[in-house]
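Here's a quick briefing on pockets and charge pairs. Have the sequence and the 3D view open as you read.

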Amino acid sequence: LCLGHIQLKKTDTAIDLGSSPGGWSWVLSEHVQKVYSVDKAELSPQVSRIKNIHYHSGDAFNVKPEDFNDCGWLFSDIICTPQKLLELVKNWQKKSKVQNYFCTIKFKGSCDFDIMKEFLKLGPSQIIHLYQNKNEVTWIMQKRTP
């Protein structure tokens, strides 16, 4: 799959943090071999029936990255401050084998947009404004060469 900016392989494994109701997990399930889907809220019934989606109930911020060592991709659409997301990503970079990230950075109220520079410092990456993004942008880092 090429989503314009990223390339997934059928042999990839991804983790989707903050996944409910399951939109990204569903899309990913069609393009990778396994998707770990983590959220406190349950997935929609249609998504929960997909065989290569493995749902884990819980807080995305309490997930231990080392428990998901087969993941090469981390997707996040968590509703949180940009700073909290940055801390989460840094933790995954330090404690996991994940090399590729696709994360929504959400802004609310008065924002310090300089946080985007901090994401770009994490490695070769880009920030884009997707069509459906309103007060948010998407940070993408793909280290693996397609």
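Is E136 buried or exposed? With a relative accessible area of 18%, E136 is buried, because the cut-off for that class is under 20%. Keep in mind that this is a predicted model.

**Salt bridges**
- Searching the whole structure turns up six salt bridges.
- One of them pairs D77 with K106, with the closest N and O atoms 2.9 Å apart. D77 sits in the loop between strand 4 and helix 3, while K106 is in strand 5, so this pair ties together parts 29 residues apart in sequence.
- K106 also pairs with E136, and here the closest N and O atoms are 3.2 Å apart.
- K106 is buried at 16% relative accessible area, whereas D77 is partly exposed at 28%.
- E118 bridges to K121, with closest N and O atoms 3.2 Å apart. E118 is partly exposed at 30%, and K121 is exposed at 61%.
- Through shared partners, D77, K106 and E136 form one network.

**Largest pocket**
- This pocket has a volume of about 310 Å³. It is lined by 18 residues, and the closest to its centre are G18, S19, D39, I78 and I79.
- Helix 1 and strand 2 each contribute at least two lining residues.
- The lining is made up of seven nonpolar, six polar and five charged residues.

**Second largest pocket**
- Here you get about 190 Å³ of space.
- Its lining residues include I79, K106, F107 and D112.
- By class, that lining has six nonpolar, three polar and three charged residues.

Terms used
Residues are numbered from 1 along each chain as its sequence is written. This is a predicted model: local features need pLDDT of at least 70, side-chain atom pairs count only at pLDDT 80 or more; totals for chains, interfaces and linings use all residues. Side-chain values use heavy atoms; hydrogens and water are left out. On a 1 Å grid over the protein atoms alone, a cavity is a set of points where a 1.4 Å probe fits but cannot get out, and a pocket is an open set with protein on both sides within 12 Å along at least five of seven lines; lining residues have an atom within 4 Å of a point. Grid points are joined across faces, edges and corners, and a volume is the space filled by probe spheres set on the points. Helices (H or I, at least four residues) and strands (E, at least two) are DSSP runs, numbered from the N terminus. Ala, Val, Leu, Ile, Met, Phe, Trp, Tyr, Cys and Pro count as nonpolar, Asp, Glu, Lys and Arg as charged, and the others, Gly among them, as polar. A salt bridge is a side-chain nitrogen of Lys or Arg within 4 Å of a carboxyl oxygen of Asp or Glu. Buried means under 20% relative accessible area, exposed over 50%, partly exposed in between (1.4 Å probe, protein chains only).
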